[in-house]
Amino acid sequence: MTTNGQDLSSKVHEAVVEVASVRIISDHDTLKYHLLGPSLTKAGQDTVDQQKVSEVIYNASKGSKYFNNEEHKDKNLTQKIEKILARKRQLERVDLASDLRRADEYIAELELSRDLSQTVVHIDCDAFYAAVEELDRPEFKHVPMAVGKGVLTTCNYHARKFGCRSGMAGFVAMKLCPDLICLPLNFAKYTAKAQEVREILVEYDPRFESASIDEAYLNITQYCEEKHMDPEDAVSQLRNEVAEKTKITISAGIAANAKIAKIASNRNKPNGQFTVANDRATIVAFMRDLPTRKVNGVGRVFERELDAIGVKTCGDLYSQRAYLSKLFGEKAFQFLMQCYLGLGRTKVQPAEDYERKSVGTESTFHDMSDKTELREKLRWIAEELEKDLTRTQFKGRTLVLKVKLHTYEVLTRQVIPPKAVRTADDLYTYSLPMLTKHEKEIPGMKLRLMGLRCTHLVSTKRSGTDFFGMRRPSAADGEPGPVNTTVDDNGEWEVWPEEEFEEAARQERQDEMNELEQLSQEQDTNGSDPLTAEEQLEEANRRHKHGREILPNPDPTYRGPNSSVGFQKPATNHVPPAKEEEPFWPCPICARPQSTNDKDFNDHIDFCLSKQTIKEAATETSSSPPALEKPLLDGRGKENSNSNSNSSGSGSGRGRPKGKRKSEAVGDRGNKRLFFGLQRT
């Protein structure tokens, strides 16, 4: 009996070990896939053995702080997916007829909004940074080459055949391709070349929309009508013109909306174009077999969550439509149904026309724990942010402090000062208490990144005044407005939750780049010309800073020195003549600027002398409330566990303040559109 009992116990033990081993292997498989990075779908990767690449990345980074952090995030995601699956099993046991009916009604509503009258084009320069460098060094055209040493920003197509791609640590890329040549970044050169491309784009759509330094959206509907051209011919002409004048090639996607055009531009890279006809059946068929990861806005995390419930392609979404809102939320449901139908925005406008949500700056550095050094760094960041706020002509009602620990954990706090802030003195004064709280809650705190950001912006641009000298409010002032609307200015349905998902995916790529910068500093590079730790930090900070200026679209009516005829070049330091300010008289009572018209001025003085006006003026000048600190929410509208001033570094608070709209509570979404001048991620 004893022997049999021991045998049984041994078998049970072996079974448990086997199950545990399978679980570890499974966890490591998901981790290896995660380590492939956000650029897995880049053109030129189709023939690469991604399993081999993942093994190289896994072994090269194993044991580093970066690896430990990625492993921790992967385990958390695994636990989250287990909860999602448990929730789905519960839902499968209940009647979801009403949810199914509601989903079908929403799909029918979306179909009514389908607009097939527009032609939207997404253009993407081929391996842009590398292509610009190859113009100066033609010998690099036929060998594996990348731009960026600590972290790769772009690889040419020869390097991509080995599995190298943007957003990969340089020392890992060298393991995949020992002959890889890595060049330092030269943002001035790339911005100048991007401007040459922009001067051509404006001929086809003066209101084109920059999405990054090397990509843009155009609506060529009007151009094709005026020139009596087919969209394919117009885009082919555009591509040939860019290649001839700038000596670089671009690829393009042509479709009925921006979402499909973005996907299509990656189909025939490099130097090609792909058209999805403006036909409902063609669009639905195109999306049906499309992997969800190919959609802009579906990152690695969301892809894995969808895959867990059986959604691998956009066509799979239909069978799961009754579950999506309950598993991922209402906005995700709307976004995914639009993906299934192949719907997206048709409105294209310049980047500067979008309302700016925040202005911020951050700096990465070696592990730092000395309180004096941390305060000096905070002061320097405050001074840099003041420069950005002055340039963009904003001040902020909310100030956010972001820090990254040496363990890669990111903590954020925010405070509401008693007034909108812009100066370095104010930025430092109101951010210092937040830093001090972190130091108290985390003894021996070591930081490797620090940043400040202003949100709920108030414009400091001079604007018109009303009859009584009150400045007219604008959207840029952060005045309350509708969270969402179902119609645009022309009365057309133009609301796309895809913007939030695209921004979340963009932030995921940026975070990955930041963390890889730290990984590259931990490892020894094998290149022939490795960067020192200080040079890597400098490269990282230049990458963070690059592109914060919004370059307006070239002006076809401008003619001046140092410019191509008919196009303004912001990079040439051309400053348009300042508009003359309208003359005004200051009111002797309220000191506000008034019209110089005698009658209007006298009428204002009569009104200003009234008791009611004096009473209102006294109310306006009453003392402001003290600064309030509130929790910062993460990109999905959930409370950051480290943002509450009363929480420890490992709190678990969730949700948002009661009575506050989600769109106001959510932290920095950044610009809804990026622009030429931003780094490629």
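This is a predicted model: local features need pLDDT of at least 70, side-chain atom pairs count only at pLDDT 80 or more; totals for chains, interfaces and linings use all residues.

Mentor: H16 brings Lys371, Leu374, Arg375, Leu378, Arg379, Ala382, Glu383, Leu385, Glu386 and Leu389. From H17 come Ala424, Asp425, Leu427, Tyr428, Ser431, Leu432, Leu435, Thr436 and Glu439. Sort this contact by class and you get 10 nonpolar, two polar and seven charged residues.

Now the geometry. Two packed helices are described by the angle between their axes and the distance between the axes. H16 covers residues 371-392, and H17 covers 424-441. Their axes come within 9 Å and cross at roughly 140°. H16 is therefore oblique to H17. The crossing is right-handed.

Next, the nonpolar cores. In soluble globular proteins, nonpolar side chains tend to be buried together. Here, the largest nonpolar core holds 46 residues. Val295, Phe302, Leu317 and Phe328 have the most contacts inside it. Several helices give two or more residues to this core, among them H3 (65-91), H4 (97-112) and H13 (300-308). H14 (321-328) and H15 (330-341) are also on that list. H15 gives the most, with eight residues.

Look at Phe328 itself. Setting aside neighbours within four places in sequence, Phe328 is in contact with Ile84, Phe302, Glu305, Leu306 and Ile309. A second core is separate and has 39 residues. Met145, Leu185, Ile213 and Leu238 are included in that second core.

Definitions and conventions: Residues are numbered from 1 along each chain as its sequence is written. Side-chain values use heavy atoms; hydrogens and water are left out. Axes are lines fitted to C-alpha atoms, for helices over the stretch in contact, and angles run from 0 to 180 degrees between N-to-C directions. Helices (H or I, at least four residues) and strands (E, at least two) are DSSP runs, numbered from the N terminus. Angles under 35 degrees count as roughly parallel, over 145 as roughly antiparallel, 65 to 115 as roughly perpendicular and the rest as oblique. A crossing is left-handed if the near helix is turned anticlockwise from the far one by less than a right angle, and right-handed if clockwise. Contact means heavy atoms within 4.5 Å. Ala, Val, Leu, Ile, Met, Phe, Trp, Tyr, Cys and Pro count as nonpolar, Asp, Glu, Lys and Arg as charged, and the others, Gly among them, as polar. A nonpolar core is a set of buried Ala, Val, Leu, Ile, Met, Phe, Trp, Tyr and Cys residues joined through side-chain atoms within 4.5 Å. Buried means under 20% relative accessible area, exposed over 50%, partly exposed in between (1.4 Å probe, protein chains only).
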